[in-house]
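Open the model in your viewer and keep the selection panel at hand.

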Amino acid sequence: MGNDDHVLIRQILAGDKDAYGLLVARHSVSIFRVAFRITENEADADEVVQETFLRSYRNLGSFNAQANFRTWIYRIAMNCALDVLNKSKKLTTLPVAEEYDGELSTVQLADSAAGPDRLLLSQEIEARRQAAMKKLTPTEHLAFVLRHMEDRSTEEIATALGIAPNSAKQAVFRAVQKLRQSLVPLWVKS
Amino acid sequence: MKHLTEEEFIEHYYGEDVYKADAEMHLQACNQCAQAYEELGKLLGSVRTLDPPARSPEYGAQIWQSIQGSLQPYPVKKKRGFFMWPQLAYACACLLFVALAFLAGRFWEHTHRPPSIAGTPQQSRERVVLFVLNNHLDRSERLLVQLNHAGAEVENTNLPLRLEAQQLLTDNQLYRQSVTQANDPLLTAALDHLERVLLEVANSPDELSSADVARIEQEMNTQGLLFQIRVLRTKVSQQEKHSQAIRTGVTL
């Protein structure tokens with residue numbers, strides 16, 4: 001696959017624009033998947049995919065032939081997703097979330113039996129999760145999604161975000177801590 | 001027992017801890033850490049996003065259709081000829097230009113080369129000879145003047161003429177030999193005359209009497225020698241100035 005990508009890139013740089021269509025077809029679904037994980041919005045994810053391939057084509061001349069095209073375009077996709085996240089953060093107002101009550105030190109786990117209360121709680125958890133995700137910085141958000149949803153290693157996250165591995169690890173830690181602070185009260189409530 | 005930190009819990013949860021076996025052993029042995037880790041696992045396990053909606057097999061083609069109108073094909077690179085004539089000709093032209101510039105510079109330097117400041121070794125030597133000869137004639141003139149005045153004014157002279165005459169005598173012998181080789185009969189004759197006077201004074205007693213001085217003046221014709229020396233010194237000075245002017249002109 002990697003070598004095939006390089007062959008196509010040489011064709012594109014030689015003037016064969018249509019060869020890029022094959023690259024788009026090859027990588028668009030995986031880019032969409034991660035874009036959706038980050039944006040949690042189908043239209044935004046589609047926008048990220050389009051913008052990613054547009055930027056990728058324009059910068060193809062600077063692509064290092066020794067590099068992996070998938071890693072390279074992934075990084076572009078992260079930047080595009082960041083732009084979308086920043087744009088949406090400006091447009092939306094964060095819902096006011098309940099703060100964690102430190103006096104409640106014990107944690108009681110939810111009953112596994114499903115009932116109306118349980119469904120209601122799940123909805124509340126989902127709403128709180130979304131609010132908590134929006135509290136994360138863009139880097140923490142991306143790092144957490146790549147780590148938790150996409151099961152990427154710290155090295156891969158660092159490469160995709162263009163940061164040091166230790167910074168990527170710290171971003172994941174901070175994201176988990178913030179999520180914990182937001183979600184633990186719900187566990188207590190349950 | 002050292003408990004696991006929150007960071008170690010998270011690393012262990014994602015399988016990125018360096019000492020995985022140690023963490024496992026600790027979690028088995030420590031109920032407190034095991035409970036905290038279980039809570040973290042359940043918390044993170046609850047964090048799930050919506051599954052991405054399925055994309056049709058034509059999704060890539062759809063994306064391509066939506067963006068291809070915005071993309072300009074990369075310019076086709078012309079295949080280079082076997083010998084790359086344009087590049088080769090350009091390189092040759094550059095080399096030729098550099099070579100011509102070098103040769104022109106060498107030619108210009110050769111034709112416009114300024115005479116060296118020091119001049120030829122012969123010119124330098126001539127300037128030195130003129131300088132020291134002028135100095136020697138100057139000192140000789142002063143000695144003759146002192147000698148003439150001494151004979152006319154005082155009874156016994158106690159001037160250091162003898163010592164000065166001895167020093168000048170040694171120098172004069174060298175200059176006379178040099179001038180003889182240079183084939184300058186006028187200067188040779190004057191230096192020869194001067195040498196005899198200097199020899200007489202150098203060999204005279206410490207205190208010259210007026211009678212001694214008068215004898216030397218008369219026998220050696222020191223008045224005439226003084227005139228000769230003055231003429232020669234003027235001539236040598238002019239030559240030295242001329243030589244200095246040439247040198248200065250070159251320097252400027």
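Start by selecting A:Phe69 and A:Trp72 in helix α4 of chain A (residues 69-91); because they are 3 residues apart in this helix, about one helical turn separates them. This is a predicted model, so every distance and angle here is computed from predicted coordinates. Both A:Phe69 and A:Trp72 are buried.

Next, select A:Tyr20. How much of its relative accessible area is left? The value is 0%, so A:Tyr20 counts as buried. A:Phe53 is buried too, also at 0% relative accessibility.

Over all chains, the whole structure holds 11 aromatic pairs. One of them joins A:Tyr20 and A:Phe53, edge-to-face, with 6.3 Å from centre to centre and 75° between the planes. That pair links distant parts of the chain: A:Tyr20 belongs to helix α2 (residues 19-39) of chain A and A:Phe53 to helix α3 (residues 42-58) of chain A, 33 residues apart.

Now widen the selection to A:Tyr20, A:Phe53, A:Tyr57, B:Trp64 and B:Tyr74, which form one aromatic cluster. Show the contacts of A:Tyr20 beyond its neighbours within four places in sequence: among them are A:Ile12, A:Ser56 and A:Leu60, and from chain B, B:Trp64, B:Ile67 and B:Leu71.

Which residues have the most contacts inside the largest nonpolar core? They are A:Tyr20, A:Phe53, A:Leu60, A:Met78 and A:Phe144, in a core of 72 residues. A second, separate core has 28 residues, including B:Leu137, B:Leu169, B:Leu208 and B:Met220.

For a charge over a ring, select B:Arg55 and A:Phe32. The charged end of B:Arg55 sits over the ring of A:Phe32, 4.1 Å from the ring centre.

The last stop is the largest pocket, with a volume of about 450 Å³. Its lining has 16 residues, and B:Glu126, B:Val129, B:Leu130, B:Val179 and B:Ala182 lie nearest the centre. Helices α6 (121-153), α7 (161-181) and α10 (222-251) of chain B each give two or more residues to the lining. Of the elements, α6(B) gives the most, with 6 residues.

How values were computed:
Residues numbered from 1 in each chain as written. Chains lettered and ligands numbered in written order. Predicted model: local features only at pLDDT ≥ 70, side-chain atom pairs only at ≥ 80, totals over all residues. Heavy atoms only, no water. Phe/Tyr/Trp six-rings, centres within 6.5 Å; stacked < 30°, edge-to-face > 60°. Helix = DSSP H or I, 4+ residues; strand = E, 2+ residues; numbered from the N terminus. Buried < 20%, exposed > 50% of the residue type's maximum accessible area, 1.4 Å probe, protein only. Lys NZ or Arg CZ within 6 Å of the ring centre and 35° of its normal. Core = buried A, V, L, I, M, F, W, Y, C linked by side-chain atoms within 4.5 Å. Contact = heavy atoms within 4.5 Å. 1 Å grid on protein atoms, 1.4 Å probe; cavity = no way out; pocket = protein on both sides within 12 Å on 5 of 7 lines; lining within 4 Å. Points joined across faces, edges and corners; volume = space filled by probe spheres on them.
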